[in-house]
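Good morning, and thank you for the time. I would ask you to look at the structure now on the screen while I walk through its charged pairs, its cores and its pocket.

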Amino acid sequence: MTIMLTLKKIYKTHKEVIGYLFFGVLTTLVNMSVFYTLDTVPTIHYLFANAIAIIVSIIFAFFTNKKYVFKSETSTLYAWLKEFFLFCSFRLISAGFDMFSMLVLIGFFEWDSNLAKLITQVIIISLNYFFSKWLIFKK
C-alpha cells in the first residue's frame with residue numbers, strides 16, 4: 001500500500017514532466033517510425049526521410065503538448081497561432097540540430113542510421129522540454 005501512495009505522490013508532484021516524457025516517447029516513436037519507413041525506401045535519401053519525420057512529429061507534438069502536457073487553453077485564433085508559431089520555430093531550431101547531428105553521425109562517422117536517430121532524439125527531447133516549458137506554453 002505504501003508503494004502505491006508513494007507512486008501517487010510522485011505522479012502528483014511531477015505530473016507535467018511525466019506527461020511530457022510519455023508524449024515525448026510517443027513523439028519519438030512517431031518520428032522514428034516515419035524515418036524508418038522512409039529510410040527503407042531505396043530511392044529516398046536519409047536526410048529527406050529525416051526532414052519528413054521531423055515535420056510529422058512536430059505537428060503531433062504540438063497538439064499533444066498543448067492539450068495533455070501543458071494544458072494550454074487559447075481563447076483567440078491569434079493566441080493559438082502565436083503558440084503554434086513559437087512551437088514550430090523552436091522545434092525548427094531543434095530540427096536543425098537533428099539534421100546536423102544525423103549528417104555528422106551518419107555521413108561522417110558512418111553510424112547506423114537508426115542508432116544515430118535514437119541518440120539524437122534523447123538530446124532533442126530535453127531541449128524541446130525546456131523550450132516548451134519556459135518559452136512557449138508558459139503560464
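Let me begin with a term: a residue is called buried when its relative accessible area is under 20%, exposed when it is over 50%, and partly exposed in between. Please keep in mind that this is a predicted model.

With that cut-off, Glu16 counts as buried, because its relative accessibility is 19%. Its partner in a salt bridge is Lys133, and the closest N and O atoms of the two are 2.8 Å apart. Lys133 itself is partly exposed, at 24%.

How many salt bridges does the structure hold? There are three. Another joins Glu83 to Lys66, with the closest N and O atoms 2.6 Å apart. Glu83 sits in helix 4 and Lys66 in helix 3, so this pair ties together parts that are 17 residues apart in sequence. Glu83 is buried at 10%, and Lys66 is buried at 8%. The remaining pair is Lys117 with Asp98, whose closest N and O atoms are 3.1 Å apart. Here helix 5 supplies Lys117 and helix 4 supplies Asp98, so parts 19 residues apart in sequence are tied together. Lys117 is buried at 0%, and Asp98 is buried at 2%.

I turn to the nonpolar interior. In soluble globular proteins, nonpolar side chains tend to be buried together. The largest nonpolar core in this model has 17 residues, and Tyr20, Ile58 and Phe87 are among those with the most contacts inside it. Helices 2, 3, 4 and 5 each give two or more residues to this core, and helix 3 provides the largest share, five residues. Apart from it lies another core of nine residues, including Tyr46 and Leu105.

Next, the largest pocket. Its volume is about 190 Å³. By type, the lining has five nonpolar residues, one polar and six charged.

Finally, two loops. Lys71, in the loop between helix 3 and helix 4, has a positive phi near 45°. Glu110, in the loop between helix 4 and helix 5, has a positive phi near 60°. Lys71 is exposed at 52%, and Glu110 is exposed at 66%.

Key: Residues are numbered from 1 along each chain as its sequence is written. This is a predicted model: local features need pLDDT of at least 70, side-chain atom pairs count only at pLDDT 80 or more; totals for chains, interfaces and linings use all residues. Side-chain values use heavy atoms; hydrogens and water are left out. On a 1 Å grid over the protein atoms alone, a cavity is a set of points where a 1.4 Å probe fits but cannot get out, and a pocket is an open set with protein on both sides within 12 Å along at least five of seven lines; lining residues have an atom within 4 Å of a point. Grid points are joined across faces, edges and corners, and a volume is the space filled by probe spheres set on the points. Ala, Val, Leu, Ile, Met, Phe, Trp, Tyr, Cys and Pro count as nonpolar, Asp, Glu, Lys and Arg as charged, and the others, Gly among them, as polar. A nonpolar core is a set of buried Ala, Val, Leu, Ile, Met, Phe, Trp, Tyr and Cys residues joined through side-chain atoms within 4.5 Å. Buried means under 20% relative accessible area, exposed over 50%, partly exposed in between (1.4 Å probe, protein chains only). Helices (H or I, at least four residues) and strands (E, at least two) are DSSP runs, numbered from the N terminus. A salt bridge is a side-chain nitrogen of Lys or Arg within 4 Å of a carboxyl oxygen of Asp or Glu.
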